[in-house]
Amino acid sequence: VTESNLVINDKKSFVMVCNPSKKYDFPPEFKVGNSKILETKSSLKILGIIIQDDLRWGEQVDQMSKKASKKIWMLRRMKKIGLEEQTICNFWKAEGRVHLEPASSVWTSGLTIQQSRKLQRVQNRAIAAFSSSREDPTISALRLGLEPLEKRRQKLALKFAQKTVKKSRHSDMFVKLENPHQGRAGIRREWREPPCKTRRHLKSAVPYLTRLLNGEKS
């Protein structure tokens with residue numbers, strides 16, 4: 001820091017401690033060079049994604065749900081002025097649903113059942129707002145070509161993983177096996193899944209994406 005004359009902006013620099021242990025917990029006091037002790041945050045927004053110190057996705061889900069829900073009144077307004085149902089549906093895909101899946105490859109494997117349902121409820125409310133018939137939102141979604149968000153997130157994650165291993169400077173995230181072999185249920189394994197000692201690691205992004213590349217439904 002001293003040699004490169006680096007100056008830390010105290011107002012824009014923070015510390016986050018990801019420590020699940022209670023036995024070895026400690027009050028963090030970090031500073032760089034002559035800066036003040038940096039403020040400790042329990043959550044930070046990094047590249048538009050909210051990262052929590054417990055490595056869960058509650059705040060991210062809340063933010064996405066809130067943003068997407070703000071578009072629902074527009075759907076009702078569009079229906080009221082007489083726009084076609086499919087036109088309103090296309091608007092929802094472009095302006096509403098996109099808020100429910102930013103960088104979904106990062107967080108989709110770590111969602112709880114309740115969080116997944118919360119996101120789906122937002123889409124169900126949107127469908128109910130502009131659907132021309134009084135039917136179950138699930139049936140309306142099928143009629144309009146809106147697949148369940150959980151299924152769509154899995155497709156997006158697989159597409160991201162396939163693009164990464166083909167054309168990306170981050171292709172080293174995935175390790176290809178020298179001798180591919182048949183796994184469970186006849187699945188041909190071509191990619192080495194990272195060894196996971198904890199369930200949290202098992203449900204994190206890279207192991208999940210590796211399983212998708214190997215053809216597993218997880």
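Which residue forms a salt bridge with E101? The partner is R152, and the closest N and O atoms are 2.9 Å apart. A salt bridge here is a side-chain nitrogen of Lys or Arg within 4 Å of a carboxyl oxygen of Asp or Glu. E101 lies in the loop between α3 and α4, whereas R152 lies in helix α7 (residues 149–166), so the pair ties together parts that are 51 residues apart in sequence. Both E101 and R152 are buried. Buried means under 20% relative accessible area, exposed means over 50%, and partly exposed lies in between (1.4 Å probe, protein chains only).

The model is predicted: local features need pLDDT of at least 70, side-chain atom pairs count only at pLDDT 80 or more, and totals for chains, interfaces and linings use all residues. Residues are numbered from 1 along each chain as its sequence is written, and side-chain values use heavy atoms, with hydrogens and water left out.

The protein chain contains nine helices and six strands. These are DSSP runs numbered from the N terminus (helices: H or I, at least four residues; strands: E, at least two). The radius of gyration is 22 Å, well over the 17 Å that the globule rule gives for 218 residues, so the chain is more spread out than a compact globule. This radius is taken over C-alpha atoms, and the globule rule is 2.2 Å times the number of residues to the power 0.38. Along the principal axes, the C-alpha atoms fill a box of roughly 65 × 50 × 35 Å. Of the 218 residues, 30% are buried.

The salt-bridge count comes to eight. R211 pairs with E193, the closest N and O atoms being 3.0 Å apart. This pair links distant parts of the chain: R211 is in helix α9 (residues 205–213), and E193 is in the loop between β6 (188–192) and α8 (199–202), 18 residues apart. R211 is buried, at 10% relative accessible area. E193 is partly exposed, at 25%. Salt bridges with shared partners also join E85, E135 and R143 into one network. E39 forms a salt bridge with K41, where the closest N and O atoms are 3.7 Å apart. E39 is partly exposed at 44% relative accessibility, and K41 is partly exposed at 28%.

Two loop residues other than glycine have positive phi values. L47 has phi near 55° and lies in the loop between β3 (43–46) and β4 (49–52). L47 is exposed, with a relative accessible area of 86%. A103 has phi near 50° and lies in the loop between α3 (85–96) and α4 (104–107). A103 is partly exposed, at 39%.
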